[in-house]
Amino acid sequence: MKRWTCLEVGCDATVTAADEDELIEKVNAHVGAAHGSYELEDVILANAEEIDGNGH
Amino acid sequence: MTTVEPKAVEQRFLLTPELMAGAIYRKYEKATRKFWDPKEFDYERDRSDWERMTEAQREGIITITVRIEAGEQAVTDELLPMLAAAHELGRFDWVMFLSTFMQEEARHSEFFNIWHREVCGVTRPEQKAAHWPLREHTVDPTGRFRTGEPVYEGIPKYGAALMDAVRGGDHRAIEEGFVRFATIYNVWIEGVLTMPTYEIVLDTCGAWDVLPTLQAGFRGVLADEGRHITFGTEACRILIAEHPEYEALVHEIVDEYCGNAVGMLEYQRNVPGLDLQKYQTQKVRHYRNRCREMGIEPDQTLIDAILDPNLDFVVDVQAG
């Protein structure tokens, strides 16, 4: 599992996904809908954390 | 002339399984898969859009694209110290990735050159310069911040210092020079200052429903830049993890050109109808991301300055 936390001003949304492709898609859905922006694929991956199934 | 003893045979094989399992080799491998060629684009629709756009719309776009073209050429031409330093530090995976990095910057230079020729009919340097608003036109009325030219001052300055360190052969000096160079180039210019520019072009062309090839080129450039930025921050993270005192070098470089982030710059605010505050606020996200990637703490004073609504530059956007 992978987790990404948004660092936009005033936002601490987290996105979790089973793999990299899903994470990229879900992060850009969040950044587009919430901030009218996008995030680069490699930047998303560089800022993602590995977590276990319990979110740790 | 220096005499060089040939390496032992087993030391001549640099690409080890450990390097091939690492994050930097993965970027190299991805770069070779994601190749794109600006000569394969169709520029016809952009040309017809350009002819029907208003003068203000055309000037808003070309003010940005001429700066980007020159900037891409500058970074192509100034990347060599990073490659030399990676070699001297014995980091062959960095050398491999940087071989794709330099080629990509050259490709970006080519794309904007072709786009200007095919769409705008602009080929000569003096024609492009006529659309270039000078940095001196961006002024902080409070006098607290100065806006410099990090691409044309900072990169050559820190590149020359890094080459001096490489020639000197002192490992620590090369590492420090590498952190400074990666900070000015990958962290600050590519990773924060230029990000709003790409977004302005994509948002504007999307809203006006124009210039699909320019948008496609910007998307290709951005995908490449994502690897460049995260290479620089990963290299800094590795070096800072080994020497935590290097974190201070990052903050010193950012401080030197912090003025360029606390307001929108002249060429970024010449497009009609933009919500500039959106792009200003997003610089904080990019800066925080860069710090997270490097494993360092962002400077809250700088963030406060970027977000301060009372800090906005006065700009005369007349070109030339």
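The radius of gyration is taken over C-alpha atoms, and the globule rule is 2.2 Å times the number of residues to the power 0.38. I needed that before looking at size.

**Entry 1: ground rules**

I am working with a predicted model, where local features need pLDDT of at least 70, side-chain atom pairs count only at pLDDT 80 or more, and totals for chains, interfaces and linings use all residues. Residues are numbered from 1 along each chain as its sequence is written, while chains are lettered from A and ligands numbered from 1 in the order in which they are written.

**Entry 2: chain A**

I looked up the radius of gyration of chain A and found 11 Å. The C-alpha atoms fill a box of roughly 30 × 20 × 15 Å along the principal axes.

Next I listed helices and strands, which are DSSP runs numbered from the N terminus (helices: H or I, at least four residues; strands: E, at least two). Chain A has two helices and three strands. Along the sequence they run β-β-α-α-β.

Then I checked burial. A residue is buried if 20 or more other C-beta atoms lie within 10 Å of its own, exposed if 12 or fewer, and partly exposed in between; C-beta atoms are placed from the backbone. In chain A, 38% of the 56 residues are buried.

**Entry 3: chain B as a whole**

Chain B has 14 helices and two strands. Its radius of gyration is 20 Å, close to the 20 Å that the globule rule gives for 320 residues, so chain B is as compact as a globular protein of that length. The C-alpha trace spans about 65 × 45 × 35 Å along its principal axes. Buried residues make up 45% of chain B.

I also looked at contacts (C-beta atoms, placed from the backbone, within 7 Å). Of the contacts in chain B with a separation of 6 or more, 83% join residues 24 or more positions apart. For chain A that share is 32%.

**Entry 4: the cores of chain B**

A nonpolar core is a set of buried Ala, Val, Leu, Ile, Met, Phe, Trp, Tyr and Cys residues joined through C-beta atoms within 7 Å. The largest one has 50 residues. Those with the most contacts inside it include B:Phe97, B:Phe181 and B:Trp188. Helix α9(B) gives the largest share, 12 residues. Another core, of 19 residues, lies apart from it, with B:Phe111 and B:Val221 among its members.

Leaving out residues up to four places away in sequence, B:Phe181 touches B:Pro81, B:Met82, B:Tyr158, B:Gly159 and B:Leu162.

An α-helix has 3.6 residues a turn, so residues three or four places apart point the same way.

**Entry 5: one exposed residue**

B:Ala56 sits in helix α4 (residues 55-78) of chain B. B:Ala56 is exposed, with 12 other C-beta atoms within 10 Å. The C-alpha atoms of B:Ala56 and B:Val271 are 7.6 Å apart, though 215 residues separate them along the chain.

**Entry 6: where the chains meet**

I found 19 residues of chain B in contact with 11 residues of chain A. On the chain B side, α13(B) provides the largest share, nine residues.

Definitions and conventions. Two residues are in contact if their C-beta atoms, placed from the backbone, lie within 7 Å.
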